[in-house]
Every structure is written in structure tokens, then in C-alpha cells.
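The following exercises are to be worked with the sequence and the coordinates at hand. Each task is followed by a solution in steps.

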Amino acid sequence: MIELPGETEHEIERTQSYVIFQLGGEGYALEVSRVQEVIDLGHLTQVPGGPRWLKGVINLRGHVVPVWDLRIPFDLAVDAKLGRSPCVLMVETQLANDIRVNGLLVDRVSDVLDFNPDDVQPAPPLGLGKASPFVRGLIRHQERFLLVLDVDRVFTALGSSLTAGGI
Amino acid sequence: MGVADDRFLQMFFEEARELLLSLEEGLMELERRQGDRAHLDKTFRAAHSIKGAAAMVGLGALAEFTHGIEAVLDRIRSGTLAVDSDVISTLLDARDHLSVAVEAEAARSPIPSPVELNRRLTALLRDPAAAPPPPPPAAPAATPKKIELDLPAAEMPAAKPPRKKAERKPRASSRSKKQTPELPLPDFGGTRSPGVDYYRVTLKPGADILKRGVNLLGVLDELRDLGPTRIATEPGLVPTLEEMDPERCYLAWTIEVESNEPRERLDDVFLFIADDSTITIERHSTSEPAVETEVVIEPAPEPAPAKLAPTAAKTPPAAAPFPVEEKPASKPPEIAPPATAPADSGKQPPPRPPVKQAAASPPPPPKVPARIRVDAGQLDDLVGLAGELAVISDNLQGLREVDANQPWVVTLEALDRVSRLIRDTTLELRMVPVEELFSRFPRVVRDLADRFGKEIELRVIGQETRLDRTIVERLSDPMIHLIRNAVDHALETPEERMAAGKPRAGRITLWAGHEGDRVALRIQDDGRGLDRDRIVKRGIARGLVPVGTSVDDPRVDTLIFEPGFSTRDEVSELSGRGVGLDVVRDAVRGLRGSLAVESQPGKGTSFIFRLPLTLALIDGLLVETGGNRYVVPLAQVEECVALNGTNPALSRGRPCVAIRGELVPLVQLRELFHAEGARPSRQELLLTRHAGQRVGVAVDRLLGRVQAVIQALGEGLGNLNRFSGATILGDGSVSLILDLAALVAESRAADNHAH
């Protein structure tokens with residue numbers, strides 16, 4: 001488990017903390033406020049017949065929580081080497097009017113960083129592959145771009161395609 | 001009082017919803033057995049309560065509209081308006097509007113008062129055939145718009161108290177300053193109108209009544225509406241300014257009302273304050289001056305505990321327009337606290353002794369189950385936790401086998417016992433009587449009967465049977481569907497019934513009761529019964545049963561549960577429209593229940609729901625297939641048999657196995673789940689029943705019995721029918737709960753697709 005720092009007192013309106021994680025060789029950023037915790041992937045129960053991007057369900061302190069693998073809908077390489085100790089980000093998502101917790105399987109959580117809103121550039125409409133609709137912006141960081149993930153949109157879109165029998 | 005705060009509003013909405021239900025029930029009852037005084041009173045009180053409560057929280061428009069309903073009910077009560085189904089329909093429509101309006105207020109988007117409905121209500125109040133029994137000054141005939149509880153009342157309260165105090169001061173102040181409700185009985189005599197009875201009322205409001213936002217002056221005004229009123233109070237009870245708490249009510253009143261109205265009218269006035277006030281009401285007849293005719297309790301030297309007994313039996317008031325009945329106590333009768341002046345102990349003793357008198361050690365009140373409202377989500381959490389506690393305790397029990405002499409074994413046993421008790425109690429909390437479900441059906445049946453021109457009598461049996469709250473909630477639509485079917489299709493028109501030698505009115509019976517560890521609900525009609533000829537023809541045409549199937553084949557009845565199966569060619573407005581019985585059956589299966597049908601031609605049809613007592617916890621079998629563990633609800637398994645590695649026989653292209661000579665279709669869970677690895681040479685077969693037929697589901701291994709606390713799978717997985725949920729096993733891993741019925745259906749569908 002990694003301790004997630006809360007927002008610092010000063011500049012609280014200006015900066016936003018992001019959890020930085022690696023997924024299929026790309027760097028992603030997600031607002032700290034959306035991440036409940038990060039856990040090591042323990043025992044995963046498979047769900048036969050479930051959607052392909054559902055890795056299974058886990059026991060999160062007595063609650064059954066689904067764990068999803070975004071590399072599949074995003075069409076990213078499933079890198080065996082990087083995934084030697086995969087983590088799960090516990091993310092609060094809002095589907096309809098319901099707040100629920102879902103797990104996102106990631107290769108590695110690398111950091112928690114603060115950025116100004118100015119640092120977040122609008123995402124280009126093209127060029128990010130299948131992840132495009134779910135990237136809200138880009139952050140330039142150490143010669144690389146971090147993709148800011150819009151988790152609500154991920155679950156809304158994938159949830160609806162799921163009920164329609166997709167993915 | 002100004003804008004009531006949110007909390008009061010919320011309380012009002014909750015209360016209003018309940019009252020609206022009892023108002024509806026009451027109206028239905030009223031139509032069925034007109035003239036039943038007790039029911040009429042109850043109904044009236046429901047309307048009255050809504051009105052008063054609405055006014056108290058500042059929802060004047062609601063109160064005003066409700067007043068219309070109340071006024072009509074009052075006319076019925078007073079006998080000036082005869083009940084017919086038009087009147088009831090108007091009142092029901094008004095109630096429906098009120099219900100919508102309450103919800104609209106709850107959503108903070110009030111809706112306007114419906115002109116048409118107001119017109120209909122007003123019409124009921126304007127009956128020209130006037131001059132019936134007691135026309136008191138404030139007879140409701142001309143007051144459809146008036147609100148009795150004067151809400152804004154900003155001026156009146158300010159203006160009135162001083163006047164009253166001034167009036168009575170000289171006499172009252174000479175009296176005792178005791179805090180008892182025993183007030184001086186000022187002699188109002190001499191001013192009474194001859195020939196009119198009068199009531200003497202003492203009112204000692206609870207000290208905190210003002211904090212509840214009650215407008216006592218409104219109550220007094222309401223009394224004034226009943227007839228000429230004289231009011232006295234005891235200003236000496238108010239402490240000096242330094243000692244006074246402005247939010248406390250120190251005063252008590254003695255009131256004399258000249259009125260021939262029945263006593264219940266007075267009780268209604270005090271409805272909202274009866275809970276925390278001491279109120280006595282005595283009726284005096286002017287024909288026998290100074291003799292109390294209704295309740296006479298001679299001032300006794302010592303307070304007799306049996307004071308409760310005397311009732312109207314003594315001397316019915318001569319001039320009462322109705323036989324005076326004991327008020328059906330909304331609160332349990334309670335022995336009057338001894339401190340109450342004996343002469344005052346009317347037949348409505350104080351429901352709760354005021355705090356001041358607590359020291360007088362009132363006899364213990366009759367036991368009433370106290371109820372609190374609980375957030376449903378929290379309750380669900382509690383049930384889940386209690387179940388987990390029981391599971392953890394189970395696991396610890398397993399440790400005993402390691403070394404039975406451990407010192408903690410005794411503690412462990414205690415833990416086991418307590419955790420089970422907690423689990424059972426919390427599960428019990430979820431249970432509600434099916435009455436909550438059944439109570440909405442009289443209205444449904446009435447409306448449907450109206451629409452189809454049928455006469456229907458509804459009987460309800462066993463409504464106290466208790467079921468899981470979630471089940472009760474989710475059964476509403478399926479049951480309404482079946483009731484619609486019964487009214488629309490099954491029951492004949494009165495003419496048809498007469499011709500068939502049946503009573504004119506069709507009968508629908510709702511029955512609830514226990515069958516083993518399950519609850520059965522039955523919807524029975526005495527209509528024409530299932531048309532088996534037609535069902536068989538339809539079934540053969542659709543390839544659901546083989547050609548030449550006999551009409552008596554037991555499979556025939558279950559055909560009606562097949563998707564899209566309907567023997568009706570025309571679609572009626574209510575039933576039909578593509579929603580078939582398969583939807584009902586699926587809903588019941590979703591609750592781990594079953595649906596069966598029994599029918600006799602010409603005699604009627606019964607649909608029988610069989611449901612588990614609770615949804616939160618199941619007894620299950622832990623099985624393994626393809627390296628994964630699953631829980632199968634024990635209720636779905638009829639039998640387990642070993643399955644040896646022989647290849648299954650094929651029957652009509654489907655794999656089957658012979659079980660004691662019977663050929664049973666086989667579903668391989670491994671195949672359905674695309675499990676990897678080779679099938680073990682020996683498997684276990686779980687025998688279940690699907691559409692009346694035995695089906696075997698093959699799993700790799702049986703691991704044992706478990707108790708499982710069911711959790712829902714996430715939103716996105718809800719449409720995965722094959723799993724009814726998930727549970728956490730003793731080792732902390734998650735196991736999915738299989739729904740055998742859905743699995744078999746799924747496998748059937750896949751087979752049909754392949755063929």
C-alpha cells in the first residue's frame with residue numbers, strides 16, 4: 001500500500017495532485033481525489049462470461065469489487081515484464097447517480113505529483129488510439145506526456161457497451 | 001412559525017406518505033362497507049392529520065387542498081352526504097393528486113391545485129339537501145377553502161391572549177398554582193344556550209409543545225368553530241419574567257364549548273397535541289344540568305387505578321346524533337396518573353403523563369412496540385456485517401480442531417453464539433409483513449374492475465406473514481401484473497358469470513403463508529381457468545411441445561411462462577403489450593423464488609409464488625469447476641449424484657444422462673464457462689428443476705456446505721444472469737453464486753442456437 005498525501009494547505013485552489021501510473025508503456029495521471037487507495041493485486045476471482053476487460057472480482061475489506069484492465073479497451077500492449085507486480089487503483093466512479101468503487105489494474109504506480117491547472121493541455125482529438133475519448137488532457141512532465149484519464153467517461157462508455165453486449 | 005426547517009419537512013413527507021396510504025385504504029374500506037363508523041373516523045383522521053401537519057410545516061396549499069377532502073369526509077360522517085362510488089372516485093382522485101403534490105413538494109417543485117378536482121370536491125360540499133341532523137355554526141358545508149389551523153396567524157395570536165387573560169384573571173388567579181392540569185372549573189353557567197349540550201375541556205399542553213411548532217391558538221380557534229366557546233386560563237402558572245423560559249408552555253386552559261357535535265369532533269381537534277398534552281373532555285347535557293352524562297367519576301379520596309373502565313356505557317348523551325362510540329384509541333389507553341384531578345379524568349386519559357407528574361409513579365403503560373425509522377442502506381450494511389461475523393466465527397470454530405484444549409475455546413463458543421444471535425436479529429429487522437405489499441391491491445383491483453366493467457370482490461388472507469423487505473418491494477410489479485391478468489382475462493363479466501351459474505362478482509383471493517422454510521403467496525381467481533386447448537395449439541405451433549401433446553400433459557400449464565407466449569390475439573390496454581408471464585417468472589427467479597400455476601377449467605386459476613424468507617443469506621453448496629470455486633444455492637439443488645466418466649448419451653442432439661432410469665438433460669459447467677484443462681474422470685451432478693423438468697448440472701467437485709452472505713455484483717455485471725451475486729468465503733476469497741435456473745436456460749438457448 002502506498003500512502004497518498006492529502007492536498008497541501010497552501011495553493012490549494014491552484015494545484016491539483018495526481019497519481020501517476022504506468023499502463024501498457026504509457027504514463028497516465030488521475031486526480032488523487034478520485035483514488036481511494038492503491039493495493040497490490042491479491043487473489044482475483046474470475047468471472048466466466050464477464051466482459052473481456054473485467055479481470056475478476058476481489059475482496060476489498062469485505063466488499064466485492066470488480067477489477068478492470070484498461071489495456072484491453074485501450075488496445076495497449078499487455079507487457080508481461082512490467083506487470084510482474086501489478087497494482088490496483090481503487091477508483092470512485094459515478095455511474096448514473098451512484099457512486100461506486102471499481103478497481104483499475106495498472107502496471108505500476110510511480111508517483112504522486114502536483115500540477116497547476118495551466119499545466120494541463122487539451123488533449124488532441126486524434127493520435128491517442130482507442131484511449132482518445134477517455135483522455136481529458138495532457139501534462140508535460142520530464143520530456144514525456146502524461147495522459148489525464150477521465151474515469152467517469154471510461155465507465156460510462158464501457159458500461160453502456162457492456163450492457164449492449166460489447167467488449 | 002415561519003419557514004419550517006428541513007428536518008420538520010422531511011418528517012412531514014414521511015408521515016404524509018404513510019397517512020396517504022391509510023387514507024387510500026380507508027376510502028377503499030368506506031366504499032366496501034359504508035357506514036362503518038370506526039373506519040370512517042380513521043379515514044377522516046388521516047385526512048385531518050395530513051392537513052394539520054401540512055399547515056404546521058408551512059405547506060399551506062397542501063393543507064388547503066386536503067381540507068377539501070376532509071370536509072367531504074366530514075359531510076359523510078355527519079350523514080349529510082351519502083357515499084356512492086362517484087364520491088369515492090372523487091376522493092380517491094383527490095388523494096392521488098395529494099400524493100403527487102406531496103412528492104412534488106418533496107422535490108421542491110410544487111404543482112398547482114387542479115381546478116377540475118377542486119370543482120368536483122366543492123360540488124360534493126354544496127349539496128342542496130341541507131338541514132340534516134346537527135348544523136353547528138361551523139358546519140363544513142360552506143367552508144371548502146378555509147383552513148382551520150391558522151398558519152400564518154401572525155396577528156391573531158398577538159391579539160387574543162391578552163384579551164382572554166384579562167377576562168379571566170380575577171377568578172383564576174385566586175386558584176392554586178399547582179402544576180397539575182387540574183384547573184379551576186370556572187362557572188360559565190348562565191350564559192349557556194338552552195337545549196344545547198356543552199363540553200367541558202381541560203387542556204394542559206406539554207411544556208415543550210411550543211418547541212414542536214404547535215400553534216395552540218389554532219387549536220382553540222378550531223374549538224370555536226364547533227360552537228360558542230368560553231375559554232379560561234390560569235395566568236398564575238406563568239412564573240416571573242426572570243424565571244420564565246419563553247419556549248416553554250406554562251399555561252393550561254379550561255374551555256367550555258356549546259355544541260351537539262359528537263365527541264369525536266373534539267378528539268380530532270386535539271389530534272396533534274394529544275401526544276404531549278393532558279386533555280380531558282366531558283360532555284354535559286343541559287337537560288340534566290350539572291350532571292355529567294358521559295363519564296362520571298366521583299371524586300374519590302384515593303385515586304382508583306381502575307379508573308379506565310367507565311365509558312360511554314354509562315349514559316349515552318341524549319342529544320347525540322350518533323350512538324357515541326369509544327374513540328378507537330390511536331394510542332393505547334393508559335391509566336390516568338393519580339395526580340390528575342379525579343373529577344377531570346374523562347374517558348380520554350392523558351396519553352403520556354407530563355414530565356412534572358412523573359414522580360407520581362403512574363402504573364406502567366400497556367406495552368406498545370416502539371418503532372424507529374432506520375435508513376435502509378445502513379440496515380443492509382448491518383445485515384452484511386452480521387453475516388460476516390457469523391462466517392468469521394465459523395472459521396474460528398475450525399481452529400478448535402487443531403487443539404481442542406486451547407484456553408480460548410470457551411470464548412470462541414460465546415462468540416459463535418452471539419454472532420449467530422446478531423445475525424438472526426438483524427435479518428429479522430429486514431422482515432416486513434406482506435401487508436405492505438397487499439395494501440395497495442384493493443385500489444388496483446377497484447380501478448381495473450371499473451375499467452373492464454367487472455364486479456370483483458377481493459379477499460386478503462395472511463397479510464401478517466413476514467418477508468424480506470427487498471422481496472416485498474420487488475414483488476409489487478409481478479403481482480400487479482398477475483392481478484391485471486386475472487381481472488382482464490380470467491374473470492368473466494357479470495353476465496357471463498350469471499350464465500355460468502356463478503356469483504355475479506368475481507373473486508380474487510390473495511393469500512400469504514409459510515410452506516416449509518419458504519413463504520408462499522397465492523393469487524387466486526374463480527374465473528374461467530386456463531384455456532388449455534388454445535395453449536396446446538399455440539405451443540405446438542411454436543414448437544415448444546411435440547405435436548400431439550395431450551391437453552392434460554402437466555407441461556401445458558407451464559407453457560404460459562415461455563417468453564412471448566400469449567393465447568390472446570388482441571392486445572388489451574392493460575395486460576399484454578409484450579410483457580408476458582415470463583417477465584413475472586424471471587422477476588421471481590431473481591428473488592430466488594419460483595412461480596407455479598394451478599388451474600381448473602371453469603373454476604379458476606391460482607398463481608403461486610414461493611419465496612425465500614430472506615435474500616441476504618443463503619445456505620449453499622461450495623463446488624469447484626475448472627479450478628474456480630462457486631456457491632450454488634442449496635434451495636436450487638434437489639439432489640447430488642456422482643457422474644462417472646462415461647460419455648453422456650445424446651437425446652435429440654442434447655447430452656443426457658440416465659439417473660435411475662430417467663433420462664436427464666445434462667449441462668456441463670466446464671463447457672459453459674470455457675474452463676481450461678481436462679475434465680476429471682469423476683464429476684458431481686447437481687440435479688435441479690427447470691420448467692418442471694429435471695436437469696443435471698455437472699461440476700468438478702463438491703467442497704461442502706457454506707452459509708453465504710450475498711453481495712450484489714457491480715452495476716456493469718448485473719446483466720450476467722448466470723451469477724446471482726458474490727460472497728466472501730472464510731479464507732477471504734470471493735466466490736460467485738451460481739443461478740442454476742439461469743445457467744440451464746442459457747445452455748438451452750445456446751443449444752437451440754446451434755441446432
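Helices (H or I, at least four residues) and strands (E, at least two) are DSSP runs, numbered from the N terminus. The model is predicted.

**Exercise 1.** Determine how many helices and strands chain A has and in which order they run.

*Solution.* Step 1: the count gives one helix and eleven strands in chain A. Step 2: reading from the N terminus, the order is β-β-β-β-β-β-β-β-β-β-β-α. Step 3: chain A has 167 residues, of which 33% are buried. Step 4: among contacts in chain A with a separation of 6 or more, 58% join residues 24 or more positions apart.

**Exercise 2.** Identify the residues with the most contacts inside the largest nonpolar core, and trace the contacts of A:Leu149.

*Solution.* Step 1: the largest nonpolar core has 78 residues, and those with the most contacts inside it are A:Ala29, A:Leu30, A:Leu89, A:Leu149, B:Val697 and B:Leu738. Step 2: domain 3 (376-430) and domain 5 (617-754) of chain B each supply at least three residues to this core. Step 3: beyond its neighbours within four places in sequence, A:Leu149 is in contact with A:Tyr28, A:Ala29, A:Leu30, A:Phe134, A:Val135 and A:Val154. Step 4: a second, separate core has 41 residues, including B:Ile471, B:Leu475, B:Ala486 and B:Val584.

**Exercise 3.** Classify the packing of helices α13 and α17 of chain B by angle and handedness.

*Solution.* Step 1: the axes of α13 (residues 469-490) and α17 (residues 581-590) of chain B come within 10 Å and cross at roughly 155°. Step 2: angles over 145 degrees count as roughly antiparallel, so α13(B) is roughly antiparallel to α17(B). Step 3: the crossing of α13(B) and α17(B) is left-handed. Step 4: from α13(B), B:Arg474, B:Asp477, B:Pro478, B:His481 and B:Leu482 meet B:Val584, B:Ala587 and B:Val588 of α17(B).

Methods. Residues are numbered from 1 along each chain as its sequence is written. Chains are lettered from A and ligands numbered from 1 in the order in which they are written. This is a predicted model: local features need pLDDT of at least 70, side-chain atom pairs count only at pLDDT 80 or more; totals for chains, interfaces and linings use all residues. A residue is buried if 20 or more other C-beta atoms lie within 10 Å of its own, exposed if 12 or fewer, and partly exposed in between; C-beta atoms are placed from the backbone. Two residues are in contact if their C-beta atoms, placed from the backbone, lie within 7 Å. A nonpolar core is a set of buried Ala, Val, Leu, Ile, Met, Phe, Trp, Tyr and Cys residues joined through C-beta atoms within 7 Å. Domain bounds come from an automatic or database domain assignment. Axes are lines fitted to C-alpha atoms, for helices over the stretch in contact, and angles run from 0 to 180 degrees between N-to-C directions. Angles under 35 degrees count as roughly parallel, over 145 as roughly antiparallel, 65 to 115 as roughly perpendicular and the rest as oblique. A crossing is left-handed if the near helix is turned anticlockwise from the far one by less than a right angle, and right-handed if clockwise.
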